[in-house]
Amino acid sequence: MTADDLIGMFHCFGCRVSFMACPDCVTTIRVDPMTNRPPDVAIVDGKPVNVKPDPEGAHRSVQQAVCDACVGLRNARFERGGPDAVHIEGIWEAWRDRHRRAHA
Ligand SMILES: [Zn+2]
Ligand SMILES: [Zn+2]
């Protein structure tokens, strides 16, 4: 099996762009289809904040793929810090890095 056999087509939740990634390694987040947000994020005064996950939202939530460009933007926002980053927890790894490690 080559790495190419593992590539699938995804639709990024962040930027809505279609992209190719390894289905085993692609970054995913859980999104509640009713709010279109992760179940542990709420919008307060127009800004996303972390909240205790809504159990119903968590139950409803489905996995959505996130492209590496959006992972990079998110990481950059986390590193800048400030009010825009309070809901961001830690750095995410790009799927390519994960892929390299997982299938090396
Ligand atoms: Zn994206
Ligand atoms: Zn992979």
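Author: Contact here means heavy atoms within 4.5 Å. By that rule, Thr-27 touches Gln-64, Ala-65, Val-66, Val-71, Trp-92, Glu-93, Trp-95 and Arg-98, with neighbours within four places in sequence left aside. The model is a predicted one, in which local features need pLDDT of at least 70 and side-chain atom pairs count only at pLDDT 80 or more, while totals for chains, interfaces and linings use all residues. Residues are numbered from 1 along each chain as its sequence is written, chains are lettered from A and ligands numbered from 1 in the order in which they are written, and side-chain values use heavy atoms, leaving out hydrogens and water.

Reader: Thanks! Why is Thr-27 called buried?

Author: Its relative accessible area is 5%. Buried means under 20%, exposed over 50% and partly exposed in between (1.4 Å probe, protein chains only), so Thr-27 is buried. Thr-27 belongs to strand 3.

Reader: What makes a stretch a strand or a helix?

Author: Both are DSSP runs numbered from the N terminus: a helix is H or I over at least four residues, a strand is E over at least two. The protein chain has three helices and six strands, in the order β-β-β-β-β-α-β-α-α from the N terminus on.

Reader: On to the metals. How do you know which residues are the donors of the zinc ion (ligand 2)?

Author: Donors are N, O and S atoms within 2.8 Å of the metal (3.2 Å for Na, K and Ca); water is not among the atoms, so sites may look incomplete. Cys-22 (SG), Cys-25 (SG), His-99 (ND1) and His-103 (NE2) lie 2.0 to 2.3 Å from this zinc ion, so they qualify. Their spacing along the sequence is C-x2-C-x73-H-x3-H.

Reader: What makes the arrangement around the zinc ion (ligand 2) tetrahedral?

Author: Four donors count as tetrahedral if all angles lie between 85 and 135 degrees. Here the angles are 102 to 115°, so the label applies. For context, the ideal angle for four tetrahedral donors is 109.5 degrees.

Reader: And how exposed or buried are His-99 and His-103?

Author: His-99 has a relative accessible area of 12% and is therefore buried, whereas His-103, at 34%, counts as partly exposed. Both sit in helix 3 (residues 95-103), four residues apart, about one turn of the helix. Arg-101 is also in helix 3, and its 57% relative accessibility makes it exposed.

Reader: What makes a set of residues a nonpolar core?

Author: The members are buried Ala, Val, Leu, Ile, Met, Phe, Trp, Tyr and Cys residues joined through side-chain atoms within 4.5 Å. The largest such core has 15 residues, of which Cys-12, Phe-19 and Val-66 touch the most other members. Strand 2, strand 3 (27-31), strand 6 and helix 2 each give two or more residues to this core. Phe-19 is buried at 11% relative accessibility.

Reader: Why is the pair of Phe-10 and Phe-19 called tilted?

Author: Rings of Phe, Tyr and Trp (its six-membered ring) pair if their centres lie within 6.5 Å; planes under 30 degrees apart are stacked, over 60 edge-to-face, and the rest tilted. Phe-10 and Phe-19 are 6.0 Å centre to centre with 35° between the planes, so they form a tilted pair. The structure holds one aromatic pair.

Reader: Last one: how do you know that Arg-74 lies over the face of Trp-92?

Author: The rule asks for NZ of Lys or CZ of Arg within 6 Å of the ring centre and within 35 degrees of the ring normal. Arg-74 is placed over the face of Trp-92, 3.6 Å from the ring centre.

Notes:
Four donors count as tetrahedral if all angles lie between 85 and 135 degrees; four count as square planar and six as octahedral if opposite donors are over 155 degrees apart and all others between 65 and 115; anything else is irregular.
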